[in-house]
Every structure is written in C-alpha cells, then in structure tokens.
Amino acid sequence: PENYPELHQYVTEKLDIRETLASRLKMLSCTDFEDLLHPVFQEDEITLIATGGVLGLIAGGMQTRLGWGGPGAARKAMFTIIFTMLSSAGFYFHQKYEEELDEPLASQERPHLARRETIVRPVE
C-alpha cells in the first residue's frame, strides 16, 4: 500500500473487501464464528492459561501476605492454588489427549461443521 497507493485504492474500491468481509462475518452463527477464531488463539492457549494461573497465584499470595484474607486465609489460598493447579493440569492433559486423536472431541459434538478452505462462502 505504501509503494503503490493508487493500486491499493483501486483494488480496495473495486473489490470492496472490507464490506464483503463485514457482511459475511455478521451472517455467521456464534458457533461458526467461534470455530473461525479458535485456530488463531489455539497456539497460545496453554500460554494464556499458564499466565493467568501465575498472575492469580501472585495476586492471591499478595492478598494472603498483606492480611486481606482474614482468619484461615492461608489455608483457603493453599486450597485454591492446589485446586487451580490440578484443574490446569487436567485441562492440559485433556488437550494433549485430544491432539493424539486424529479428530478432536469438539468436532464430534458438531459433526455438521467441517474444515473449510476459505471463510467466505456463498450463503446457502
């Protein structure tokens, strides 16, 4: 676009990509839209979960150390930390189990959805 502004403007006007994509994306159901976006975040899913866990651990530790929890706060915090770690580990191993299968379990719940070559399809 910076090297050929005239060409970029011409293509943008003629193809009307922005409006076409906007109208097609608005026609998608919530499930189809989620399936469209899921691969974008799939690579970083474990990183996001782990980061959230670490930040939660730090915040909980700070609350406990600063005395914001009242009586028994340390015991409750430890229970929460252990529960969160076990839940995260369970999710992680479930994710790995799905990856080992040829087909993810989520696609069995929605067999009508198939992998598409393009996101822009004619409305049926």
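I began with phenylalanine 79 and found that this residue counts as exposed, at 59% relative accessibility. The model I am reading is a predicted one, and I keep that in mind for every entry.

I then looked up phenylalanine 83, which is exposed as well, with a relative accessible area of 51%, a value that passes the cut-off because exposed means over 50%. Both residues belong to helix H5, residues 73-100, where they are four residues apart and therefore separated by about one helical turn.

Next I searched the whole structure for aromatic pairs, and the search returned two. In one of them, the rings of phenylalanine 79 and phenylalanine 83 have their centres 6.3 Å apart and their planes at 20°, so I noted this pair as stacked; planes under 30 degrees apart count that way.

The other entry concerns tyrosine 92 and phenylalanine 93, which form an edge-to-face aromatic pair, with 5.4 Å from centre to centre and 70° between the planes.

Which residues of H5 are buried? I listed Ala73, Ala77, Gln95 and Glu98 as buried in this helix.

Last, I looked at the span of H5, which has 28 residues and reaches 40 Å from its first C-alpha to its last.

Key. Residues numbered from 1 in each chain as written. Predicted model: local features only at pLDDT ≥ 70, side-chain atom pairs only at ≥ 80, totals over all residues. Heavy atoms only, no water. Phe/Tyr/Trp six-rings, centres within 6.5 Å; stacked < 30°, edge-to-face > 60°. Helix = DSSP H or I, 4+ residues; strand = E, 2+ residues; numbered from the N terminus. Buried < 20%, exposed > 50% of the residue type's maximum accessible area, 1.4 Å probe, protein only. Expected span 1.5 Å × (residues − 1).
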